[in-house]
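Here is a short note for a colleague who is opening this structure for the first time. Please keep the view beside you and follow the points in order.

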Amino acid sequence: MNYVYSGQNSDSQDVLSDDLAVLHLQYSTQWDGLCHVGAMFDVNDDGNPLPVYYNGYRANEDVVGPESAEDCGIVGPIPAHSTSGAKALGIENMAETGVQGRGVMINLRRHFGDARTVVGYDALMDVMARDGVVVEPGDMLCLHTGLADVILGMKKDPDPEIINTSCAVLDGGDPKLQEWITRSQISVIASDNYAVEDYPASLPNPCCSILPLHNLCLFRLGIHLGELWHLTPLAEWLAARGRYRFLLTAPPLRLPGAVGSPVTPIATV
């Protein structure tokens, strides 16, 4: 920082600064890549489930990871080379094709406030009908719950108990909601909470997934999920004008082999 370049070249008047960031890619406003959540699935139809991801890409072959804590820098020095990465399904594929289209806002906070509310198909359809929201194929669905506002209000000292008991979440295990998402042909789902859905899901055991909506979208349908977006300013602007549609531009960082990426979404209204 503040490097006076005249020490290297006496004719220069430049002062230079550069930065280094060590970053958790899915800690804040983010996209989930398709290699974020897979499943044990009988991909060979031989009665032997294997850990696979969207379109059958294999864990430990197409999506590889470190074999020990030392290999990933948790213990000891950070390795000189990467020991993990997605050879398929990395977030760079999303970046390469661009992420821009018609955004559609469903304002759950407007109807449920900041109380913890698990929203299934019937409740979601009721909100959409009351607000006149129509979702069409290709739409980029945005869900405003208010949780980002709640977190920001904690002034960098978040209380997990409050976070886990505040604001609306989708009922990812609701079969009717899963069917609607499948038939709707939406391109992505983004929310201002940390998982889009209720986590862990309240499901019979044994069942399918503690993150059934992640399983549906990332593993089965190839629909990216966005989490912890700050949607309140946009949601309030749209509501004040009786609107719910906008142009959304939200490409991830082009990080080869990464599971997810920070994102700076922009709504053009």
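Predicted model: local features only at pLDDT ≥ 70, side-chain atom pairs only at ≥ 80, totals over all residues.

1. Salt bridges overall. The count comes to 11 salt bridges. Start with the pair formed by Arg 102 and Asp 139, whose side chains meet at 2.8 Å, N to O. This pair links distant parts of the chain, 37 residues apart. Arg 102 sits in strand E8 (residues 100-107). Asp 139 sits in the loop between helix H3 (121-131) and strand E10 (140-144).

2. Exposure of that pair. Is Asp 139 buried or exposed? Asp 139 has 1% relative accessibility, so it counts as buried. Arg 102 is partly exposed, at 32%.

3. A bridge between helices. Asp 149 and Arg 109 form a salt bridge, with the closest N and O atoms 3.1 Å apart. Asp 149 belongs to helix H4 (residues 147-152), and Arg 109 to helix H2 (residues 108-112). They are 40 residues apart, so this pair too links distant parts of the chain. Asp 149 is partly exposed, with a relative accessible area of 26%.

4. A bridge within one helix. Arg 183 pairs with Glu 179, and their closest N and O atoms are 3.3 Å apart. Why are Arg 183 and Glu 179 separated by about one helical turn? Because they are 4 residues apart in helix H6 (residues 175-184). Arg 183 is partly exposed at 49%. Glu 179 is partly exposed as well, at 41%.

5. The cavity. There is 1 cavity of 30 Å³ or more.

6. How many residues line the second largest pocket? The lining has 18 residues, and Tyr 27, Ser 28, Ile 151, Tyr 194 and Leu 228 lie nearest the centre. Helix H4 gives the largest share, 3 residues. Strand E3 (30-32) and H4 each supply at least two. By class, the lining splits into 8 nonpolar, 6 polar and 4 charged residues.

7. A cis peptide bond. Most peptide bonds are trans. The bond from Tyr 199 to Pro 200 is cis, with omega near -10 degrees. Pro 200 lies in the loop between strand E12 (188-191) and helix H7 (212-221).

8. Positive phi values. Most residues other than glycine have a negative phi. Asn 60 has a positive phi of about 70 degrees. Asn 60 is in the loop between strand E5 (50-52) and strand E6 (63-64), and it is exposed at 64% relative accessibility. Lys 155 also has a positive phi, near 55 degrees. Lys 155 lies in the loop between H4 and helix H5 (160-164). Its relative accessible area is 69%, so Lys 155 is exposed.

Key. Residues numbered from 1 in each chain as written. Heavy atoms only, no water. Salt bridge = Lys/Arg side-chain N within 4 Å of Asp/Glu carboxyl O. Buried < 20%, exposed > 50% of the residue type's maximum accessible area, 1.4 Å probe, protein only. 1 Å grid on protein atoms, 1.4 Å probe; cavity = no way out; pocket = protein on both sides within 12 Å on 5 of 7 lines; lining within 4 Å. Points joined across faces, edges and corners; volume = space filled by probe spheres on them. Nonpolar A, V, L, I, M, F, W, Y, C, P; charged D, E, K, R; others polar.
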